[in-house]
Amino acid sequence: MGAESLSSLPLLAQLPPIPSSHSPRQHQKKPMASSLSTAASSRLLPSATRARFSLSSPSPLSSLKCLTSSPSISHLFLHQRRSWSSVNVRSGSYSTAVTPKCAASNPDQLKSAKEDIKQLLKTKFCHPILVRLGWHDAGTYNKNIEEWPQRGGANGSLRFEVELKHGANAGLVNALSLIQPIKDKYSGVTYADLFQLASATAIEEAGGPKIPMKYGRVDVSEPDQCPEEGRLPDAGRPSPSDHLREVFYRMGLSDKEIVALSGAHTLGRSRPERSGWGKPETKYTKDGPGAPGGQSWTVQWLKFDNSYFKDIKERKDQDLLVLPTDAVLFEDPSFKVYAENYAEDQEAFFKDYAEAHAKLSNLGAKFDPPEGIMIDDGPAKAAPEKFVAAKYSSGKKDLSDSMKQKIRAEYEAFGGSPDKPLQSNYFLNIIIVIGVLAFLTSLVGN
Ligand code: HEM
């Protein structure tokens, strides 16, 4: 089954069809994903255990996060002992004031979830849509708003129906359906982390660069915390370069990052029934892999390389897509410098892409712990170079003659010389003699 043929999945069955209009809809109070996670949480706790807990936290789900972060019950209680404080025990039952102290996501579960994502990619070929999912959760960030989550960004808000229905997100419900089983399996991984983990893993598995990711993103909890519609770029604006700058500068990203990130279109296809862009099918997409159809930017649209820049520059193949926002990368003088370079130099593209992707994935995110969680499983990084002071001195410099004489005189006053260092017990003897003299002097004085 391909990434797009998912109508049999239960999540899809709960959803009305994606509207083609971009008009904002009324927020719904009960998000499907949140009710799913509630169900998952209660599945993890035996009923007897649930009955013994009486939590008065304003957000019981978030308080339960530590408890539900492990799929095994024995681990669950171990984890509870380690992570919770201020537990009042009254007549054998837990009562109020439970303060969970744990990170947003569990590192072991993040690592396992990454392995599951790799398996998913192998069977569904859904690399492109997972990259788009991560990008659309993060890309709502507004650097001019300080408060979280109003500032938008990578906070998992894209799981809520109200945001999935934004015109720019057409089709992303399929991506959510694909990774929801992984979310259900690893309740100790937040949606915000899972979206970014899935995206970075998809890039790496498609042959792209290793992305220096960190995790620990906190999830928003309510659909009311979703950003308003219209923060993501639109391929069809009259002045594409102005529009791209307006949107990406608002995220705090630069021209170089705009061009590098656009290179993600080396993966995937555009479907007219979703975004309105692209052909229904081409010779490169009619047989899949995954669900057939759509128009790709590149011939090998499941391979991450720099062919996007080469193909857009040449524009020789009518079967390959070039959106106005892609074309402008070779028209705008500032964008062009980077686009030309990336078309020539894949290594330069990979380096800049990896940095820009990591930056994008952190936009607007609130990390717990604040420094984030590393789950790097790649080849061991070179150990940081040892600090060698001599390396930073101005080289081997001889002491001046007068300084040498001064040092020699000081040694000789103690009966030694710089060539023949003094024995350490020589000093000890002197200290003992001084001590005895001081003692005798004090006796005489008395
Ligand atoms: C520069 C502004 C951008 C515009 C205007 C834009 C627009 C689009 C459009 C119209 C589609 C087709 C969606 C569909 O019909 O299913 C698409 C797909 C895609 N976009 Fe972008 N995009 C932009 C930037 C990005 C960035 C920054 C990334 C990632 C870092 C990205 C990753 C993708 C991917 C991987 C797909 C393919 C999805 C699939 O095959 O299902 N895009 N984009």
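Predicted model: local features only at pLDDT ≥ 70, side-chain atom pairs only at ≥ 80, totals over all residues.
By a nonpolar core I shall mean a set of buried Ala, Val, Leu, Ile, Met, Phe, Trp, Tyr and Cys residues joined through C-beta atoms within 7 Å.

I begin with the chain as a whole. The protein chain holds 20 helices and six strands. Of its 446 residues, 37% are buried. Among contacts with a separation of 6 or more, 72% join residues 24 or more positions apart.

The largest nonpolar core comes next. This core has 77 residues, and Leu 194 and Ala 198 touch the most other members. Helix 11, residues 191-205, provides the largest share of the core, namely nine residues. To look at one member in detail, Leu 194 touches Ala 113, Ile 179, Ile 182, Lys 183 and Val 189, if residues up to four places away in sequence are not counted.

Now to the ligand. There are 23 residues around the ligand, and those that come nearest are Pro 128, Ala 264, Gly 268, Ser 270 and Ser 275. By residue type, the shell divides into twelve nonpolar, seven polar and four charged residues. Which elements supply at least two residues each to this shell? They are helix 8 (127-138), helix 13 (255-262) and strand 5 (269-270). Helix 8 gives the most, with five residues. At the level of domains, the shell draws at least three residues from each of domain 1 and domain 2.

After helix 12 comes Gly 252, with a positive phi near 85 degrees.

I close with two individual residues. The first topic is Asp 219, which sits in the loop between helix 11 and helix 12. Is Asp 219 buried or exposed? Asp 219 has 26 other C-beta atoms within 10 Å, and the cut-off for a buried residue is 20 or more; Asp 219 is therefore buried. Apart from neighbours within four places in sequence, Asp 219 is in contact with Asn 155, Gly 156, Thr 190, Tyr 191 and Ala 192. The C-alpha atoms of Asp 219 and Pro 149 are separated by 9.1 Å, although these residues are 70 residues apart along the chain.

The other residue is Ala 348, located in helix 17, residues 346-362. Ala 348 has 14 C-beta neighbours inside 10 Å and so counts as partly exposed. Neighbours within four places aside, Ala 348 is in contact with Asn 341 and Tyr 342. Between the C-alpha atoms of Ala 348 and Ala 260, 88 residues apart along the chain, the separation is 9.6 Å.

Methods: Residues numbered from 1 in each chain as written. Near = placed C-beta within 6 Å. Helix = DSSP H or I, 4+ residues; strand = E, 2+ residues; numbered from the N terminus. Nonpolar A, V, L, I, M, F, W, Y, C, P; charged D, E, K, R; others polar. Domains from an automatic or database assignment. Buried ≥ 20, exposed ≤ 12 C-beta atoms within 10 Å, placed from the backbone. Contact = placed C-beta atoms within 7 Å.
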